[in-house]
Amino acid sequence: MNPAEAYILNQPEPYRSILIHVQVIMEHTIPEAELKYKWKIPCFYVGKRPICYLNASHKNHFVDVAFWHSSYITKYTEHLVGEKRKVVKSLRYKELEDVNDTVLIAVLNQLNSNPYALSINRPPADTDTDTDFDDFGGL
């Protein structure tokens with residue numbers, strides 16, 4: 001078991017159920033996404049490009065499914081929370097029943113279908129389209 005999976009499985013309820021559900025939705029919606037463990041939380045990547053991270057906020061009593069490329073999300077924006085963050089927006093869930101699969105899948109599909117959302121939030125440069133940004137690429 002990798003550290004990201006251990007993070008999810010070692011959470012108390014209801015966080016564990018929410019995280020597992022989100023993980024299943026992510027793996028079904030974007031099968032090429034890889035679950036990694038970065039900054040002590042589970043993060044989903046496609047190649048070297050971050051899609052979202054999962055954070056069980058015990059202090060605030062919710063699971064945060066946060067998206068680095070939120071500017072490319074145009075549907076269901078009323079469900080996104082961006083408090084005190086300039087770029088990252090998230091879907092927050094306090095109970096498993098709060099997870100709206102339709103909204104989560106639509107957001108994931110928007111990010112996965114937009115080539116710029118997977119290229120560190122900017123179109124490729126005209127002169128160098130093979131630039132390899134590491135993780136955040138200077139965000």
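Among contacts between residues at least 6 apart in sequence, 53% join residues at least 24 apart. This comes from a predicted model, with a mean pLDDT of 85 for the protein and 82% of its residues at 70 or more. The protein has 3 helices and 5 strands, and along the sequence they follow the pattern α-α-β-β-β-β-β-α. Of its 139 residues, 42% count as buried.

- Please take some care with residues 119-139, where pLDDT stays under 50.
- For that stretch the model has 34 contacts beyond four places in sequence.
- Where pLDDT is low, the predicted coordinates should not be read in detail.

- Helix α2 covers residues 15-29, which makes 15 residues. From first to last C-alpha it reaches 21 Å, close to the 21 Å expected at 1.5 Å a residue.
- Which residues of α2 are buried? They are Y15, I18, L19, V22, Q23, I25, M26 and T29.
- As background, an α-helix has 3.6 residues a turn, so residues three or four places apart point the same way.
- Helix α3 takes in residues 101-113.
- In α3 the buried residues are V103, L104, A106, V107, L108, Q110 and L111.
- What do the buried residues of α3 pack against? Their partners are α2, β3, β4 and β5.

**Aromatic pairs**

- How many aromatic pairs does the structure hold? There are 4.
- One of them joins Y7 and Y37: the ring centres are 6.5 Å apart and the planes meet at 50 degrees, so this pair is tilted.
- Y7 belongs to helix α1 (residues 3-9) and Y37 to strand β1 (residues 34-38), so the pair ties together parts that are 30 residues apart in sequence.
- Y7 counts as buried because its relative accessibility is 14%, while Y37, at 37%, counts as partly exposed.
- Y53 and W68 make another pair, with ring centres 5.4 Å apart. Their planes are at 65 degrees, and therefore the pair is edge-to-face.
- This second pair also links distant parts of the chain, 15 residues apart. Y53 is in strand β3 (residues 49-57), and W68 is in the loop between β4 (62-67) and β5 (89-93).
- Both Y53 and W68 are buried.
- Y53 and W68 belong to one aromatic cluster together with W39 and Y45.
- Y45 has a charged neighbour too: K36 lies over the face of its ring, at 4.8 Å from the ring centre.

**The loop residue E32**

- Where does E32 lie? Look in the loop between α2 and β1.
- With 44% relative accessibility, E32 counts as partly exposed.
- Leaving aside residues up to four places away in sequence, E32 touches Y45, V46 and N112.
- E32 and V46 are 14 residues apart in sequence, and their C-alpha atoms are 6.2 Å apart in space.

**Backbone details worth a look**

- Which residues are joined by a cis peptide bond? E13 and P14 are, with omega at about 5 degrees.
- P14 is part of the loop between α1 and α2.
- K40 is a residue other than glycine with a positive phi, near 65 degrees.
- You will find K40 in the loop between β1 and β2 (41-46). Its relative accessibility is 66%, so K40 counts as exposed.
- H61, also a residue other than glycine, has a positive phi near 65 degrees.
- The place of H61 is the loop between β3 and β4.

Key. Residues are numbered from 1 along each chain as its sequence is written. This is a predicted model: local features need pLDDT of at least 70, side-chain atom pairs count only at pLDDT 80 or more; totals for chains, interfaces and linings use all residues. Side-chain values use heavy atoms; hydrogens and water are left out. pLDDT is the predictor's confidence in each residue, from 0 to 100. Contact means heavy atoms within 4.5 Å. Rings of Phe, Tyr and Trp (its six-membered ring) pair if their centres lie within 6.5 Å; planes under 30 degrees apart count as stacked, over 60 as edge-to-face and the rest as tilted. Helices (H or I, at least four residues) and strands (E, at least two) are DSSP runs, numbered from the N terminus. Buried means under 20% relative accessible area, exposed over 50%, partly exposed in between (1.4 Å probe, protein chains only). A charge sits over a ring if NZ of Lys or CZ of Arg is within 6 Å of the ring centre and within 35 degrees of the ring normal. The expected span of a helix is 1.5 Å times one less than its number of residues.
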